[in-house]
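Work through the following exercises with the sequence and the model open beside you. Try each task on your own before you read its solution.

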Number of protein chains: 2
Amino acid sequence: MDTKKRSDCPISSSLDIWGDKWSLLIIRDLMFAKQCTYGDFLKSDEKIATNILASRLLMLETNGLISKQDHPESKAKVLYKLTQKGVDLLPVMIEINIWADKYFTLPLERKAMLVEVKKDKEAFIRNQTAALLKNG
Amino acid sequence: MDTKKRSDCPISSSLDIWGDKWSLLIIRDLMFAKQCTYGDFLKSDEKIATNILASRLLMLETNGLISKQDHPESKAKVLYKLTQKGVDLLPVMIEINIWADKYFTLPLERKAMLVEVKKDKEAFIRNQTAALLKNG
DNA sequence: TATTTGCACTTGCAAAATGCAAGCAAATTT
DNA sequence: AAATTTGCTTGCATTTTGCAAGTGCAAATA
């Protein structure tokens with residue numbers, strides 16, 4: 001896991017953490033599902049390799065975007081959740097969706113989310129943030 | 001240049017195009033400077049390698065985010081500019097800056113931009129978009 | 001006019017990251 | 001007690017990145 005900053009630019013510093021083809025997909029899964037197990041991430045359509053998943057989860061945890069928690073039903077399972085720092089990427093995620101809505105064909109469920117967003121973006125972010133952070 | 005989509009997810013499709021450590025820095029340079037030559041990109045703090053720069057510029061051009069134009073003063077130079085599709089990433093770029101402002105130390109010039117953004121985000125995007133698209 | 005410099009790349013090669021398949025230990029289920 | 005699930009790790013081939021040097025054309029300089 002490379003750890004050196006390339007410059008003082010905020011865009012560059014951000015990309016140093018989650019600027020790759022997989023990290024934002026992990027964050028996406030957590031934003032839509034609220035919490036996921038290791039196996040849940042592996043089930044996503046993009047089919048991330050297990051070693052890459054492990055290295056990304058470590059990177060995101062090390063940088064404070066996600067946290068691990070015990071699964072209430074089983075010691076064999078681990079729950080991953082977004083921290084405040086991770087949840088704060090919600091506006092970025094929403095803007096990417098809006099951009100993609102203009103230039104790609106979105107799945108219906110994602111279209112539905114954007115309808116909600118367009119009604120009142122601030123409120124959507126406020127509510128979704130609260131939902132994601134509920135229960136430590 | 002890999003060209004196959006990993007899934008129908010808009011986040012994934014977006015990352016397929018600009019989800020790497022360099023593409024958004026190129027777009028950043030164009031958003032702040034309006035237009036750049038090949039050499040201008042090489043001067044940025046992050047010190048991109050020339051072959052990577054060439055491959056990213058091709059990727060971004062192929063996907064319609066940037067375009068090449070003749071330099072008005074010299075046939076030896078090439079000007080790169082954002083297309084509408086590229087300029088439309090401005091809200092994403094702004095949200096990344098806002099996120100980074102919360103978790104990193106920003107350079108003063110970037111702080112100043114955020115002050116403007118916070119006064120009226122919509123207006124800032126409208127004005128900046130117009131400025132970037134002015135003159136073919 | 002000849003020559004050097006500037007500009008936008010390309011090429012070759014080493015190093016690092018990615019992707020795939022298999023393996024593994026602890027917990028859970030049968 | 002044996003088989004399965006879960007969250008990883010390991011080994012190795014393939015791909016991408018990074019660095020340095022080189023190329024070809026335009027423009028400036030001598």
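## Exercise 1: an enclosed helix

Nine of the nine residues of helix α1 (residues 10-18) of chain B are buried, so this helix is largely enclosed by the rest of the structure. This is a predicted model, in which local features need pLDDT of at least 70 and side-chain atom pairs count only at pLDDT 80 or more, while totals for chains, interfaces and linings use all residues. Residues are numbered from 1 along each chain as its sequence is written, chains are lettered from A and ligands numbered from 1 in the order in which they are written, and side-chain values use heavy atoms, with hydrogens and water left out.

Task: which residues of α1(B) are buried, and what covers them?

Solution. Begin with the terms: helices (H or I, at least four residues) and strands (E, at least two) are DSSP runs, numbered from the N terminus. Buried means under 20% relative accessible area, exposed over 50%, and partly exposed in between (1.4 Å probe, protein chains only). By this rule the buried residues of α1(B) are B:P10, B:I11, B:S12, B:S13, B:S14, B:L15, B:D16, B:I17 and B:W18. Next, look for what covers them: the cover includes α2, α6 (90-103) and α7 (108-119) of chain A, together with α2 (23-33) and α4 (50-62) of chain B.

## Exercise 2: two crossing helices

Task: at roughly what angle do the axes of α2(A) and α4(A) cross, and which residues make the contact?

Solution. The axes, which are lines fitted to C-alpha atoms, for helices over the stretch in contact, with angles running from 0 to 180 degrees between N-to-C directions, come within 10 Å and cross at roughly 75° for helix α2 (residues 23-33) and helix α4 (residues 50-62) of chain A. That makes α2(A) roughly perpendicular to α4(A), since angles under 35 degrees count as roughly parallel, over 145 as roughly antiparallel, 65 to 115 as roughly perpendicular and the rest as oblique. The contact (heavy atoms within 4.5 Å) is made by A:S23, A:I26 and A:I27 of α2(A) with A:L53, A:R56, A:L57 and A:L60 of α4(A).

## Exercise 3: a sheet in chain B

Task: in what order do the three strands of the open sheet in chain B lie, and which strands stand at the edges?

Solution. The order is β1-β3-β2, with antiparallel pairing. At the edges stand β1 (35-36) and β2 (66-71) of chain B, each with a single partner strand, so one side of each is left without a neighbour in the sheet. Two strands pair if DSSP finds at least two bridges between them, and β2(B) pairs with strand β3 (residues 74-82) of chain B over six bridges. Within β3(B), B:L82 stands opposite B:I66.

## Exercise 4: two residues of chain B

Task: is B:H71 buried or exposed, and how does B:F32 stand by the same rule?

Solution. B:H71, which has its place in strand β2 of chain B, counts as buried at 15% relative accessibility. Leaving aside neighbours within four places in sequence, B:H71 is in contact with B:T37, B:K77, B:V78 and B:L79. Turning to helix α2 of chain B, where B:F32 is found, B:F32 is partly exposed, with a relative accessible area of 40%. Apart from neighbours within four places in sequence, B:F32 is in contact with B:R110 and B:M113.
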